[in-house]
2 protein chains.
Amino acid sequence: MKQILFIFILVYFSATASSQEKAIQARPNIVVFLVDDMGSMDTSLPFCDSVMPLNKRYHTPNMERMAKAGMKFVNAYAQPVCTPTRVSLITGLNASRTHVTNWTSPQKNSDTDEKDNQFLPLNWNINGLNPEADTERSVRATPYPKLLRDAGYYTIHVGKAHWGPMGTQGANPYNLGFMVNIAGHAGGHPQSYLSEQRYGNMPGKAQAQAVPDLEEYYGTDTFLSEALTLEAKKALAIPIARKEPFYLNIAHYAVHTPIMADKRFVQKYYDAGLDSTEAKYASLVEGMDKSLGDLMDFLKAKGVDKNTIIIFMSDNGGLDAHQRGGAVNTHNYPFKSGKGSVYEGGIHEPMIVKWPSAIAANTVNRNPVIIDDLFPTILEVAGIKTAQKTDGISLMPTLKHPEIKLQDRPLVFHYPNKWTSLTDEAPLGINYYSALRFGKWKLIYRMRTRELELYDLSKDIGEQHNLASANPTETKKLASLLGKTLRERGAQMPVEKSTEKAVPLPDEL
Amino acid sequence: MKQILFIFILVYFSATASSQEKAIQARPNIVVFLVDDMGSMDTSLPFCDSVMPLNKRYHTPNMERMAKAGMKFVNAYAQPVCTPTRVSLITGLNASRTHVTNWTSPQKNSDTDEKDNQFLPLNWNINGLNPEADTERSVRATPYPKLLRDAGYYTIHVGKAHWGPMGTQGANPYNLGFMVNIAGHAGGHPQSYLSEQRYGNMPGKAQAQAVPDLEEYYGTDTFLSEALTLEAKKALAIPIARKEPFYLNIAHYAVHTPIMADKRFVQKYYDAGLDSTEAKYASLVEGMDKSLGDLMDFLKAKGVDKNTIIIFMSDNGGLDAHQRGGAVNTHNYPFKSGKGSVYEGGIHEPMIVKWPSAIAANTVNRNPVIIDDLFPTILEVAGIKTAQKTDGISLMPTLKHPEIKLQDRPLVFHYPNKWTSLTDEAPLGINYYSALRFGKWKLIYRMRTRELELYDLSKDIGEQHNLASANPTETKKLASLLGKTLRERGAQMPVEKSTEKAVPLPDEL
């Protein structure tokens, strides 16, 4: 009897161990491929129902390839500028809740808001995200890379971080759960894309934006996007060899300013007669696209592509300001405005998800989704539960069944800050704005004037026809929803200098 | 029968899996605690048979504690300068074989040798260690962190790296097998130890020696040695939580120049009446020692100290040049000379090994050992076999049985380079020297003049009594051994400008 029991125990433990092992082996690898400042139109892959003029300008064959092998989201959103989106990405918290509503300076306690005549300085979280430390004016939350790492994922960050300024924990991706960090720090753009300029690290000339960690490539004629790709592949080889599940956050510095030519690609854009700045910009886009292709090829060559989910996303809309070539309000056409704005040009993002073992190829997903959704989605993909609140929802059901229409829910864009004084505000939706996407509707709230605008995106993706007067009922309903949501999340509103009173929420008008 | 076979198979696999698992769990953790430019006398822990005057100057209570809990090596050696030692450490190859015989510049293809009237520039490996890339003038070898990583160790580098210049693979510890790299790059010393100076990263003032990765500490009044310690603890927490074996390479920038006060400790040295530079130096030493204590405390608190082997070591002797306070040839007394020299002051190192589960407490090991030995030792500790040649031997037997006298073997120090023109050469053993330790004997070969010196270290640790004339037989025997060993390793010798002939090996005189 003892012997039988012994054998039974062995059999039992063998079975348990084996199924556990299988479960562990089966955990999907996860890649977030995040582009900086890329607009929805900065690609040859159309994210609207028809091919737009800008789609003909750009060459992104690898985005096309990825979409063919996966799912294209045509109503994906982020916040109007980068740090808010990046913090929402890894915490699952909407910018209205994190109070990280503007980009963070590389310098601690430094407010990047411009001064304003009407409003007092906002008490926003200028020190970004800090997962553990008690840092003043920062949001404290557990980022999912930490949860993934604790669950046995090999977590890699390559590229732009920009989660917090120097002098805070958030400056270093290592503190956010990444085991490997290549080139991520407090800086929000590269000092240079060129290895000949050491990506900014010229002795005595280095500024806070000099890109770290790439000493190996100095003087090797390696464009920054390529160096990051090579580093990502090198980093991926380790968990693949160790048969550990991995999470890769490859966050390109491209296509952020300084707009510099990626000489591997720029000539054909010059030849096409583009303005020189726009030709360089297009080369930045194509260099980033090559990186996407190289990584897909690498994962396939390593035999891990089938069980790897890749999420392609940008952190805000395309830049539409004076550093670009050509006229303002043309760079995301037919979307209105661009980076910094709550109009579609500032928040509508190119998003593609590829996961051969779970997502049908060549599918289009029309559900409105927002950056906040990636936190619960990624955790569900990894099989990790967390008690941490999130403002997003897991996209897993809609990844598997894109034909199912998600219930309408408030997607909130909140920017109670002054981004720039270099541009007209009202026509471009820049400085002191909130917005709501709900179903087909888009509500715009201009805090400076307490004005509301209403657009029907099913008919008017250019937000040209303000329906607020024509449809006061819907306007009021959406203002109520936006106000209620902002209130629940403890959103900040700018305070009038004259009265020292906060701007009312849109349902208090 | 089938069933029985099935059960047998299960039993077999269960047993296999379980013993494998046990073996994996039992793998010891490994810490190399490497100090920069620390001499054997820079401590209150005596490494000679009696307490020396300098032992009374310094306060290193944690080195004393470590020695009480482990084993003190009183005849441990490294090369006279840092990069050669660091390359030997992780490759197991002696400097005479690697041709990395001088410190590497942060700049690629840059020769740090001083110009000389007698000798042509040496074709040494100015680009350091490069594990994979075909880089001109670099040594290609597999460093043990890579072998440890591939075998499932969580490999961490914190602090000074200095394995290769910018523009080469060796610049980034990541390429050498480290999964985590904090603050290691091509630089060989810190631009500053102060967080108020951002460890050198002041915008527009950063040089190649600005310490990377520590943005979190800027402006927090955290001395560099402390920041590295905090980072090491943070990094260690991850494999400990994941129950993975770890390798930590904590390589302090201390106590290298710039000699800056660690204000946590400096006052008592001022109060003791020390020269201000020496007081600052002593504070650098004590700040490093605090780090050692903090790490030992941390490992104990985490319950992993018993199965963790910690190897304390320095990379060359204490600096004895003009940046120090006081007269030359006093800083490693009674050892002669200091950093850069093949006399004991330049190569005799403080070494302690603590491993409670395998090494008896409070033991002294008198066997002569050299930095080359750590490669085979560490691999044996980790249970890893490699076909890679090594010039060292595993110290495992002598760690377990210090009473056993190792067979005499040639320990070689080879420096066919010109380190400095700021100092007298001959009395200090600097520029164009080779040396051999064999048993109690020390042979010195001055290449410039083809002179040999012989010392009996059992009676003359200060190398004051040259026995070459009195004992020509032993001198010839050792010259033959040194010559043979250098020849076998393909060592480089300087070439005379006048004749374009290489200096003869010591057995060709």
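This is a predicted model: local features need pLDDT of at least 70, side-chain atom pairs count only at pLDDT 80 or more; totals for chains, interfaces and linings use all residues.
Hi everyone, let's begin with chain A and a pair of helices. Helix α6, residues 224-242, packs on helix α8, residues 276-301, with the axes 9 Å apart and an angle of about 20°. Angles under 35 degrees count as roughly parallel, so that is what we call α6(A) and α8(A). Their crossing is right-handed. If you want to find the contact on screen, look on the α6(A) side for residues including Thr229(A), Leu236(A) and Ile240(A), and on the α8(A) side for residues including Ser291(A), Leu295(A) and Phe298(A).

Now hop over to chain B. At what angle do the axes of α2(B) and α8(B) cross? Roughly 45°, and the axes of these helices, residues 61-69 and 276-301, come within 7 Å. That makes α2(B) and α8(B) oblique to each other. From α2(B), the contact uses Pro61(B), Asn62(B), Met63(B), Arg65(B) and Met66(B); across from them on α8(B) are residues including Met288(B), Leu292(B) and Met296(B). By class, we have six nonpolar, two polar and four charged residues here.

Back in chain A, let's look at helix α12, residues 472-488. An α-helix has 3.6 residues a turn, so residues three or four places apart point the same way. Just after the helix, Gly490(A) takes a positive phi of about 65°.

Which peptide bonds are cis? One runs from Ala254(A) to Val255(A), with omega near 10°, and Val255(A) sits in the loop between β5 and α7 of chain A. Another joins Tyr333(A) and Pro334(A), with omega about 10°; Pro334(A) belongs to the loop between β6 and α9 of chain A.

Then there are positive phi values in residues other than glycine. Glu463(A) has phi near 50°, in the loop between β13 and α12 of chain A. Is Glu463(A) buried or exposed? Buried, since its relative accessible area is 0%. In chain B, Asp37(B) has phi near 65° and lies in the loop between β1 and α2. At 2% relative accessibility, Asp37(B) counts as buried too.

Definitions and conventions:
Residues are numbered from 1 along each chain as its sequence is written. Chains are lettered from A and ligands numbered from 1 in the order in which they are written. Side-chain values use heavy atoms; hydrogens and water are left out. Axes are lines fitted to C-alpha atoms, for helices over the stretch in contact, and angles run from 0 to 180 degrees between N-to-C directions. Helices (H or I, at least four residues) and strands (E, at least two) are DSSP runs, numbered from the N terminus. Angles under 35 degrees count as roughly parallel, over 145 as roughly antiparallel, 65 to 115 as roughly perpendicular and the rest as oblique. Contact means heavy atoms within 4.5 Å. Ala, Val, Leu, Ile, Met, Phe, Trp, Tyr, Cys and Pro count as nonpolar, Asp, Glu, Lys and Arg as charged, and the others, Gly among them, as polar. A crossing is left-handed if the near helix is turned anticlockwise from the far one by less than a right angle, and right-handed if clockwise. Buried means under 20% relative accessible area, exposed over 50%, partly exposed in between (1.4 Å probe, protein chains only).
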